[in-house]
Amino acid sequence: MTAGMKGIPRNPGMDESGMTACRICGGQIEPFLSFGRMPLANGFLTADQFDQEYFFDLVAAFCPSCLMVQLVDQPDREKMFHAEYPFFSSTSRFQAAHFEKFANEVSDRWIGRNDPFVVEIGSNDGILLRHFAGAGIRHLGVEPSAGVASNARKNGVNTLSGFFEKDIARQIAAEYGPADVFLAANCLCHIPCFHSIAEGVDILLKPRGVVLFEDPYLGDILEKTSYDQIYDEHVFYFSVLSVNHAFGMHGMEIVDLWPQKTHGGSMRYCIARKGTHPVSPAVGVQIGRERELGLDRIETYERFRQNCETSQQNLRRILCDLKQQGRRVVGYAATSKSTTVTNYCDLTPDIVEFISDTTPIKQGKYSPGTHIPVQPYEKFAEAFPDYALLFGWNHKEEIMAKEQAFLNAGGKWIVYVPKVEVLA
Ligand code: DWN
Ligand code: SAH
Ligand code: ZN
């Protein structure tokens, strides 16, 4: 591994000795959980594509030097994020409300009145930026997936097509001037070239500008055994410890943080250049908790692997028993996360009849790897199954609220986060 400026690794991946190197610090990472060959989480496909399906080794690793949890390998970004990328942020009403609240908080606290400029990366269909657009605030989304970006433009959101990195930051700064706020929701954890992003942020932000970003929180993933957050798109699994170290390499620090309920437990971070903003006591408190939870030790991740294996066995046992009893089980929501579960637990169409999903471009296709048919929601409601396997467990509150008829018809939910159980 050759070190670049400030000790930042130039070529993350294998180092000269063939060891796997940390994307953040260049140190040697320790793999702790291998799922074996896995398809793309959002690689929903047609039957004529089965024989060309793409697979890669899904392996999670821990860096004992900088404490970043990460994938050993990630497929090329163009394979994951492209014109047919099928995740549209605005399909969940709860998520829409969450981002409206976030936009209001940004407006109230983080931008002034003097012609502010807001940049968001991974802006998807404009679920967050549409509120800035609506208020006439100068904004720009950067989004490589052309299909979702086109919906954002329809929502009045100014959107640049592309993968954000240092060079795009320069272009944006030249065209629009410096930014007050840099936003990213469920996006930074998708991007392997962290250092290019951080340098881009440094180029783009005003001296006292801030980054506000949120991603699924490693502490929640470990505590809830939500191993299904591990899939191709998520290359990093952030903790306060690892985020502070990574931004610290660029003269920045976490100045505040706020836990979120979204995506099964997330953390929102506020990052600023060192010394420009007071650091909230919440940061030190959370770092103390993370050390208590053992997020800085490999043993914690080995225990997590054991918990994942137990969860896998328990889910398979329940589903195989139901199959033997001749019960109908249908999956609810063809989430990206479900691809990890169906492949890791070997859930084939003889076990899960189909997956109900509200996204038109997933419907009529098959789930990646295990080839379970994806059907429109109407098919679920037309003839309720005996059991619904809740792949969209992070939307439990929203889904339960609208599925009274399923329960009234005698239907039961099967969940696997935080533990495998049939809800009575
Ligand atoms: O990090 C990511 C997060 C932000 O979103 C991306 N890498 C991809 C995506 O993850 P996901 O696919 O696991 O997201 P969700 O929001 O858990 O699932 C969305 C899917 O669930 C959509 O296909 C729509 C479906 N759904 C449904 O069929 N009925 C969702 C709800 C709320 C419903 O009621
Ligand atoms: N912010 C939305 C979307 C999250 S999905 C939400 O929270 O619901 C992740 C998004 O990041 C996808 O739309 C994907 O196309 C985008 N993305 C992936 N790599 C990116 C990059 N390098 N720059 C900007 N966006 C990227
Ligand atoms: Zn490291």
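1. A residue is called buried here when its relative accessible area is under 20%, exposed when over 50%, and partly exposed in between, with a 1.4 Å probe and protein chains only. By that criterion Val240, Leu241, Ser242, Val243, Ala246 and Phe247 are buried in helix 8, residues 240-248; helices (H or I, at least four residues) and strands (E, at least two) are DSSP runs, numbered from the N terminus.

2. As to the basis of these remarks, this is a predicted model, in which local features need pLDDT of at least 70 and side-chain atom pairs count only at pLDDT 80 or more, while totals for chains, interfaces and linings use all residues. Residues are numbered from 1 along each chain as its sequence is written, chains are lettered from A and ligands numbered from 1 in the order in which they are written, and side-chain values use heavy atoms, with hydrogens and water left out.

3. The buried residues of helix 8 pack against helix 6 (194-204) and helix 9 (281-293), and also against strand 10 (205-216), strand 12 (252-260) and strand 13 (266-273), where contact means heavy atoms within 4.5 Å.

4. Around ligand 1 there are 22 residues, of which Glu233, Ser336, Lys337, His395 and Lys402 are the closest; a residue counts as near if one of its heavy atoms lies within 4 Å of the molecule. The shell draws at least three residues from each of domain 1 (89-296) and domain 2 (300-423), with bounds from an automatic or database domain assignment, and helix 11 (336-344) and helix 13 (396-402) each supply at least two of its residues.

5. Polar contacts (pairs of N or O atoms within 3.5 Å) to ligand 1 include one from a polar side-chain atom of His190 to a nitrogen atom of the ligand at 2.7 Å. Oxygen atoms of ligand 1 also lie 2.6 Å from a side-chain N or O atom of Ser336 and 2.7 Å from one of Lys362. The protein covers 96% of the 710 Å² of accessible area that ligand 1 has on its own, by the Shrake-Rupley method with a 1.4 Å probe.

6. Ligand 2 has 20 residues around it, and Ser89, Gly122, Glu143, Ser145 and Ala185 come nearest. The side chain of Ser89 places an N or O atom 2.7 Å from an oxygen atom of ligand 2, whereas Gly122 uses a backbone N or O atom, 2.8 Å from a nitrogen atom of the ligand. The protein covers 97% of the 580 Å² of accessible area that ligand 2 has on its own, and strand 6 (117-121) and strand 7 (138-143) are the elements giving two or more residues to its shell.

Technical notes:
Polar contact = N/O pair within 3.5 Å; in protein donor to acceptor, adjacent residues only side chain to side chain.
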